[in-house]
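This report describes a structure by way of its strands, helices, cores and chain contacts. The sequence and model are shown first.

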Amino acid sequence: MNMKTSAFSFRGLGALTWLETKIFLREPLGVIGSVFVPVFVFLAIGRTFGGRMTGAEQGQRGLVGPDLAVFAALLISISAVLSLVTIIAIYREGGILKRLRATPLRPLTILTAHVLVKLLFTAVTVTLMTLLGKRYLPVDIPIPWVAFTAATLVSTLSILSLGFVLASVAPTARFAQPIGTIVLYPMIGISGLFMPISQMSAPLRVVARLMPASYAVSLMRGAWHGDSWLSHGTDLAALAIIFALSTAVAVRVFRWE
Amino acid sequence: MSLSARPRVIEVAGLSKHYGSTRAVQDVSLHVFQGEIFGLIGPNGAGKTTTMECIEGLRVPDTGSVSVLGLDPFTDVVPLLQRIGVQLQEAQLQKRITVAEAIGLWSSLYRTSIDGRQLLEQLGIAAKSGARFMTLSGGQKQRLFIALALINDPEVVFLDELTTGLDPQARRAIWDLVRGIRDRGKTVFLTTHLMEEAERLCDRVAIIDHGRVVDVDSPAALVARHCPERTIVITTTDDRAADLLGRVRGVESSVREGAHVILRAPSVEVMTGLIGCLAQERIEVTDFRTIVPTLEEVFLKLTGHSVRQ
């Protein structure tokens with residue numbers, strides 16, 4: 001076996017992903033925090049402030065309206081990333097990463113398993129949110145939840161790659177969470193959800209354009225409105241570029257212990 | 001087959017590794033023969049773990065070459081990891097993974113694996129199969145890690161401070177297990193700061209201090225080479241004993257202390273003369289003991305400081 005095939009060997013990916021899924025489910029707080037709380041908050045905000053929406057009102061801007069779903073999805077995505085950053089930091093600090101690395105599992109396999117677990121729970125949460133939203137919120141419009149969930153997953157993947165860079169620089173688990181919070185949550189503020197990016201000051205606009213959230217919001221909005229994927233080619237390309245660049249950086253700076 | 005006629009499964013030449021300005025390992029060269037228990041011994045911080053992790057391919061050395069089973073640990077890491085077993089110092093597993101799940105995952109990663117259930121029984125933790133990692137005691141975790149190091153029936157097993165934190169009874173059980181590994185034809189490479197462990201378990205040891213190998217040989221040969229002096233304690237009521245034995249060739253000093261005569265000699269060659277004297281002079285003896293220096297004393301002599309510091 002040569003280096004090339006060994007570097008891309010995913011032996012054990014299925015077993016590890018399944019195991020990490022089971023382990024995640026064993027931590028009640030984690031499941032409640034990442035699945036039930038976002039869905040509940042979404043429903044509560046929607047019921048409290050939502051009012052009845054009709055197709056004609058969909059163009060409205062503001063927190064309460066169709067963007068609520070995008071906002072909630074972005075929060076779910078970011079909380080998944082934060083959770084991953086924390087898990088990686090804990091695994092590194094505890095020597096778990098190192099122990100796994102001393103097996104035929106390749107580093108990429110270990111990280112991919114964690115990404116898959118996070119994507120799985122993000123998909124479950126977003127699906128629950130849209131389906132329950134449709135059932136319990138006074139919304140008359142058809143919700144394209146498959147496209148919306150897919151858009152959320154693509155966005156999550158791009159933000160996750162940024163998370164890996166954070167996970168690499170965070171020295172301990174205790175730092176990982178605050179660093180992640182400081183970098184990731186303000187990103188929502190300049191994502192275009194609350195204020196159109198074109199109306200921001202020039203420096204802020206540049207930062208917004210460099211961060212995945214702006215493209216994620218545009219893509220998720222489009223998916224919610226039933227736009228075709230092709231019309232969001234720029235968003236997809238930007239998210240892919242951010243993913244590629246951050247992954248390349250993360251691979252270089254990632255520390256296993 | 002004598003040891004030196006066996007193939008060398010590990011060869012290290014000129015290995016050096018530094019962290020910042022600290023030189024953890026300096027110019028270490030050693031080799032390990034197939035089927036032996038080889039120990040890297042020295043105090044904490046001597047460079048044992050760094051040396052071992054360079055050999056396992058977990059760390060990249062600054063200079064030097066390493067070969068394990070004919071493979072380079074850095075370019076052939078995946079095929080090598082299939083054939084070796086590794087137990088790391090201070091490793092952890094996922095808090096909520098169960099013992100059986102860990103064994104199952106590890107089994108799935110290797111091309112060959114032995115019966116996990118039987119292995120757990122052998123290690124005395126079969127009853128803990130369903131227990132989560134976080135609920136295990138230190139000794140149980142250690143046994144699980146040893147099980148994980150053996151699950152793929154490896155040709156070479158690396159054990160880093162394997163009995164740290166274990167009580168004496170558990171320690172002896174683990175020693176028996178390690179001897180069992182060797183008796184099945186495997187090679188064991190271990191580190192320890194416990195000289196008793198090295199003495200009882202290892203066929204050969206390398207004494208390492210401040211990142212350098214000071215000497216390599218079997219524990220008995222190291223003691224004979226560096227600490228040949230012996231203390232002999234003879235229990236007798238014969239009043240002539242201290243005087244007569246003190247005149248035997250090679251005896252340095254002879255002192256009576258209560259029921260015992262304590263003799264000091266610079267080498268073991270004195271023994272025959274002593275026994276001859278006892279027989280010739282018809283000295284009635286109820287006990288005859290020689291106190292052999294330990295690796296601990298060898299270490300002190302070679303490095304000028306105790307291994308415990």
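In strand β9 of chain B, B:Asp215 is the bridge partner of B:Ile207. The model is a predicted one, in which local features require pLDDT of at least 70 and side-chain atom pairs count only at pLDDT 80 or more, while totals for chains, interfaces and linings use all residues. Residues are numbered from 1 along each chain as its sequence is written, and chains are lettered from A and ligands numbered from 1 in the order in which they are written.

**The sheet of chain B**

Strands β8(B) and β9(B) pair in the antiparallel sense over five bridges; two strands are said to pair if DSSP finds at least two bridges between them. Helices (H or I, at least four residues) and strands (E, at least two) are DSSP runs, numbered from the N terminus. Two residues lie between the strands in the hairpin of β8(B) and β9(B), where B:His210 takes a positive phi near 50°. Five of the six residues of strand β8 (residues 204-209) of chain B are buried, so that this strand is mostly covered. A residue is buried if 20 or more other C-beta atoms, placed from the backbone, lie within 10 Å of its own, exposed if 12 or fewer, and partly exposed in between.

These strands belong to an open sheet of six strands with mixed pairing, in the order β5-β6-β7-β3-β8-β9 (chain B). Its edge strands, each pairing on one side only, are β5 (84-87) and β9 (212-217) of chain B. From one strand to the next the twist averages 15°.

| Strands | Sense | Bridges | A bridge pair |
|---|---|---|---|
| β6(B) and β7(B) | parallel | five | B:Asp160 and B:Thr191 |
| β3(B) and β8(B) | parallel | four | B:Phe38 and B:Arg204 |
| β8(B) and β9(B) | antiparallel | five | B:Ile207 and B:Asp215 |

Helix α6 (residues 168-183) of chain B lies across β3 (37-41), β6 and β7 of chain B, and runs at about 150° to β7(B). Axes here are lines fitted to C-alpha atoms, for helices over the stretch in contact, and angles run from 0 to 180 degrees between N-to-C directions.

Helix α7 (residues 195-201) of chain B contains B:Arg200. This residue counts as partly exposed because it has 13 C-beta neighbours inside 10 Å. The C-alpha atoms of B:Arg200 and B:Leu71 are separated by 30 Å, the two residues being 129 apart along the chain.

**Chain B as a whole**

Chain B has eleven helices and 13 strands. Its C-alpha atoms fill a box of roughly 70 × 45 × 40 Å along the principal axes. Of the 309 residues in chain B, 41% are buried. Among contacts in chain B between residues at least 6 apart in sequence, 70% join residues at least 24 apart; two residues are in contact if their C-beta atoms, placed from the backbone, lie within 7 Å.

The chain is divided into domain 1 (3-223) and domain 2 (228-292), with bounds that come from an automatic or database domain assignment. Taken over C-alpha atoms, the centres of domain 1 and domain 2 of chain B are separated by 43 Å.

**Contact between the chains**

In chain B, 22 residues are in contact with 22 residues of chain A. Helices α2 (77-83) and α3 (99-109) of chain B each supply at least two residues of the side of chain B that touches chain A. The most is given by α3(B), with five residues. By class, this side has 13 nonpolar, five polar and four charged residues. Ala, Val, Leu, Ile, Met, Phe, Trp, Tyr, Cys and Pro count as nonpolar, Asp, Glu, Lys and Arg as charged, and the others, Gly among them, as polar.

Helix α3 of chain B includes B:Leu109, which counts as buried because it has 20 C-beta neighbours inside 10 Å. Not counting residues up to four places away in sequence, B:Leu109 touches A:Arg11, A:Gly12, A:Thr103, A:Pro104 and A:Leu105.

**Nonpolar cores**

A nonpolar core is a set of buried Ala, Val, Leu, Ile, Met, Phe, Trp, Tyr and Cys residues joined through C-beta atoms within 7 Å. The largest has 140 residues, of which A:Val85 and A:Met220 touch the most other members. Helix α4 (residues 67-93) of chain A provides the largest share of this core, 18 residues. Another core, of ten residues, lies apart from it and includes B:Ile232, B:Val261, B:Ala265 and B:Leu278.
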